[in-house]
Amino acid sequence: MLNPAGSDNAVEGGTAMEGTEVILTDMLQCRERRAEIQNQYIKKYNCPVLSFCMNIPGPVKTNHQIRKAFEQGMEALFDALSAQNIVIRERMEIHEKTGDELLMAVDCRADLMKKITEEIEEIHKFGRLFDMDVIDMDGTKLSRKTYRKCLICDCQAQECSRTRKHSIEEMQKRIEEILSTDRNS
């Protein structure tokens, strides 16, 4: 169920959308597991929970390049938490075909945690691919103050998603372009 880092089934060094495909039931089970862990952390520590995964549309949710971007997101997150002297009470990394995930119970006000995660999502070179959710102690997910822009156009991402304005292939191509900024570094 929980894989050690680096054990994905993707082709090493392959293009962004190579990898093991998932189906809807895989993703539903993943979401149920994530919600269960979040609730356990809230109950155990009585503090907000941070859930970090990648925003990757389509049937392939992880591979070597996506994992590298995820790891850079974790590094940016840990650096930001350290700079604010925020204590991580417990954390769990999950690396499965449904994607890379980090769940953490954090000793921090939820609104401050949300501000930190939004800043990372806005300024990091892969930030648009990051999905950092903050769940408060009452189980509610904190919303962004501003809407995220679409990966492809300047419209509101939620609207493009709802109307299926762009094809999966278009979005995957854009994700590949974003991920390729790291190939030579």
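This is a predicted model: local features need pLDDT of at least 70, side-chain atom pairs count only at pLDDT 80 or more; totals for chains, interfaces and linings use all residues.

The lining of the largest pocket is made up of 22 nonpolar, twelve polar and 16 charged residues. The volume of the largest pocket is about 1,500 Å³. Its lining comprises 50 residues, and those closest to the centre are R31, N55, I56, D131 and S161. Helix 1, strand 1, strand 3, helix 3 (residues 110-123), strand 4, helix 4 (157-163) and helix 5 (168-180) each contribute two or more residues to that lining. Which element supplies the largest share of the lining? It is helix 1, with seven residues.

Let us therefore turn to helix 1 itself, residues 24-45. Its 22 residues reach 32 Å from the first C-alpha to the last, close to the 32 Å expected at 1.5 Å a residue. Within helix 1, the buried residues are D26, M27, C30, R33, R34, I37, Q38, Y41, I42 and Y45. As a general point, an α-helix has 3.6 residues a turn, so residues three or four places apart point the same way. The cover over the buried residues of helix 1 includes strand 1 (49-54), strand 2 (87-96), strand 3 (99-107) and strand 4 (130-135).

I move now to the interior. In soluble globular proteins, nonpolar side chains tend to be buried together. In this model, the largest nonpolar core holds 30 residues, and F52, M54, L77 and M113 have the most contacts inside it. At least two residues of this core come from each of strand 1, helix 2 (64-83), strand 3, helix 3, strand 4 and helix 5. The greatest contribution, six residues, is that of helix 2. A further core lies apart from this one; it has ten residues, including I37, Y45, V49 and L103.

What does F52 touch, leaving aside its neighbours within four places in sequence? The contacts of F52 are F70, G73, M74, D100, E101, L102, F130, D131 and M132.

Buried in helix 2 are Q65, I66, R67, A69, F70, G73, M74, L77 and L81. These buried residues pack against strand 1, strand 2, strand 3, helix 3, strand 4 and helix 5.

My last topic is the second largest pocket, with a volume of about 310 Å³. It is lined by 18 residues, of which E121, E122, G127, R128 and K149 are the closest to its centre. Helix 3 and helix 5 are the elements that give two or more residues to this lining. By type, the lining of the second largest pocket has seven nonpolar, three polar and eight charged residues.

Why is E121 classed as buried? Its relative accessible area is 5%, and buried means under 20%. Beyond its neighbours within four places in sequence, E121 is in contact with G127, R128, F130, D131, M132, R144 and R148.

Thank you for your attention.

Terms used
Residues are numbered from 1 along each chain as its sequence is written. Side-chain values use heavy atoms; hydrogens and water are left out. Helices (H or I, at least four residues) and strands (E, at least two) are DSSP runs, numbered from the N terminus. The expected span of a helix is 1.5 Å times one less than its number of residues. Buried means under 20% relative accessible area, exposed over 50%, partly exposed in between (1.4 Å probe, protein chains only). Contact means heavy atoms within 4.5 Å. On a 1 Å grid over the protein atoms alone, a cavity is a set of points where a 1.4 Å probe fits but cannot get out, and a pocket is an open set with protein on both sides within 12 Å along at least five of seven lines; lining residues have an atom within 4 Å of a point. Grid points are joined across faces, edges and corners, and a volume is the space filled by probe spheres set on the points. Ala, Val, Leu, Ile, Met, Phe, Trp, Tyr, Cys and Pro count as nonpolar, Asp, Glu, Lys and Arg as charged, and the others, Gly among them, as polar. A nonpolar core is a set of buried Ala, Val, Leu, Ile, Met, Phe, Trp, Tyr and Cys residues joined through side-chain atoms within 4.5 Å.
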